[in-house]
Amino acid sequence: MNELNPTSSRREFIKTTGRVAAISALAGVSVPYVHAASDDTIQVALVGCGGRGTGAASQAMGVKRGPVKLVAMADVFEEKLNSSHQGLSKDHVHMDVPPERKFVGFDGYKNAMDCLKPGDIVILTTPLAFRWLHFEYAIKKGLNVFMEKPLTADGPTSRRMLKLADEASAKNLKVGVGLMSRHQRALQELSHRIHDDIGDIILMRGYRVGEPVAACFSPRKPADITEVAYQISRFHSFIWASGGCYSDFNIHIIDHLCWMKNAWPVKVQTMGGRHYRGNDVDQNFDTYSAEYTFDDGTKMLLEGRCMYGCLPIYASYAHGTKGYAVVSKSGDCGMPSSTYKGYKENHSKSKSSPPSSTDRAKWPAYMGEKAHYNNLLWTSDIKGDQTNPYVNEWNDLVDAIRDDKPYSEVKRGVYASVVTSMGRWAGHTGQEITFDQMLNDTHELAPHVATMTMDGPAPVMPDADGRYPIPQPGICTKTEYPMT
């Protein structure tokens, strides 16, 4: 999931998820799917009712080629499900989620998908550790899928997801992945022209440096919540649940820069550390600096930081043999994108005023002078209903369903997740990590998600002081943190 609302304080625990509901009385009971009226309504089930899941459900119900109706919801936290339902109900009429189609508990994903018919859509926005499990059941039910990034945080689940991607395509299922940069129209246009404008790409830079957001840092677990519930509610703090803040926060910039390069890096080295962290017990570093290398020897630099009081930068750039490009002006894929000759943004106006439209003899000299003071080659100009990439990705998915076009973003989503995870792993171990090494690693971070319960053990457990194992670069070099 990608929680959209930052926490107000790195020390404040999210109290709204403090109470964990018991497994729904309907869990495990077969619920007949909802029959649509005699029209072309696409029905949707939401599995994972956090901020990103709620946003995805809202965008699904607002597609151009509707109607799309939300008919079932599932989450392990009853409060989160009810809050999501209440918020969506205020803004959407395309909802029909009565109490009997609200499912609480680890089996809720099955109950929610059982309410759909083949060809409907399930939204999978739980923490990533559960992604393969839920995707596997969606394929079994013949459902189209929208799933949130990242998709994986380790080698075994990455290979599993690639296999499931082939199975979904074999059944002609359409699958979208929430790497919305690929649906940002300015970036789409830039991807077509970047090499003509700036030449061969030789260096790329990405920055996600700002204050702590969401649940990247966490205090000790309160006494009134189970270990599993605490870690799921604070999923950004735990590598098994989210890939940590490195994976969850940086994947968009990593993905769209690799898209501009039209290649995935083959290796990476990363540095990072924990600084002014007080009593925080999460597994994250708060600074990361990664140098990715592509097969042709060119580099991609990625800087991530979650720290108060420091210079904020949230943007990405590409440098070529003839010039450079602003890929994302701000945020994960913020417009406008632009290209420049040379390596400086120079927006200075010509010192001369433009000649009159009838004085043609002076125009060539004026344009030459203007070009000297302005290196801009192109800037994106996206208007109207194409400006929101979150909306675009849903319109593109539903278009593929309605037109029965092949559509699967899973393999690209897995590769982006692998590239992100290898950067995280390199920083946490202090070693150089290759793409093949990351993809083929045998250690699974959360091998028992299919049988997980709220009262059972979590994939990582605290010590007697309530602290979780953290990375020890150069000391713990085979795994990301000491294993018990």
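Let's start with helix α12, residues 410–429. Helices here are DSSP runs of H or I with at least four residues, strands are runs of E with at least two, and both are numbered from the N terminus. α12 has 20 residues. From first C-alpha to last, α12 reaches 28 Å, close to the 28 Å expected at 1.5 Å a residue. That expected span is 1.5 Å times one less than the number of residues.

A word on the source. This is a predicted model, where local features need pLDDT of at least 70, side-chain atom pairs count only at pLDDT 80 or more, and totals for chains, interfaces and linings use all residues. Residues are numbered from 1 along each chain as its sequence is written, and side-chain values use heavy atoms, without hydrogens or water.

Back to α12. Is this helix mostly covered or mostly open? Covered: 18 of its 20 residues are buried. Buried means under 20% relative accessible area, exposed over 50%, partly exposed in between, with a 1.4 Å probe and protein chains only.

Now the whole chain. It has 13 helices and 15 strands. Of its 484 residues, 57% are buried. Take contacts between residues at least 6 apart in sequence: 74% of them join residues at least 24 apart. Contact means heavy atoms within 4.5 Å.

Ser380 sits in the loop between β14 (376–379) and α11 (389–403). Why does Ser380 count as buried? Because its relative accessibility is 9%. Ser380 touches Ala186, Pro336 and Ser337, leaving aside residues up to four places away in sequence. Ala186 is 194 residues from Ser380 in sequence, yet their C-alphas are 5.5 Å apart.

The structure holds five cavities of 30 Å³ or more. On a 1 Å grid over the protein atoms alone, a cavity is a set of points where a 1.4 Å probe fits but cannot get out; lining residues have an atom within 4 Å of a point. Points are joined across faces, edges and corners, and volume is the space filled by probe spheres set on them.

The largest cavity has a volume of about 200 Å³. It is lined by 20 residues, and the closest to its centre are Asp75, Val76, Thr126, Pro127 and His134. β2 (68–75) and α3 (108–114) each give two or more residues to that lining.

Notes: 1 Å grid on protein atoms, 1.4 Å probe; cavity = no way out; pocket = protein on both sides within 12 Å on 5 of 7 lines; lining within 4 Å.
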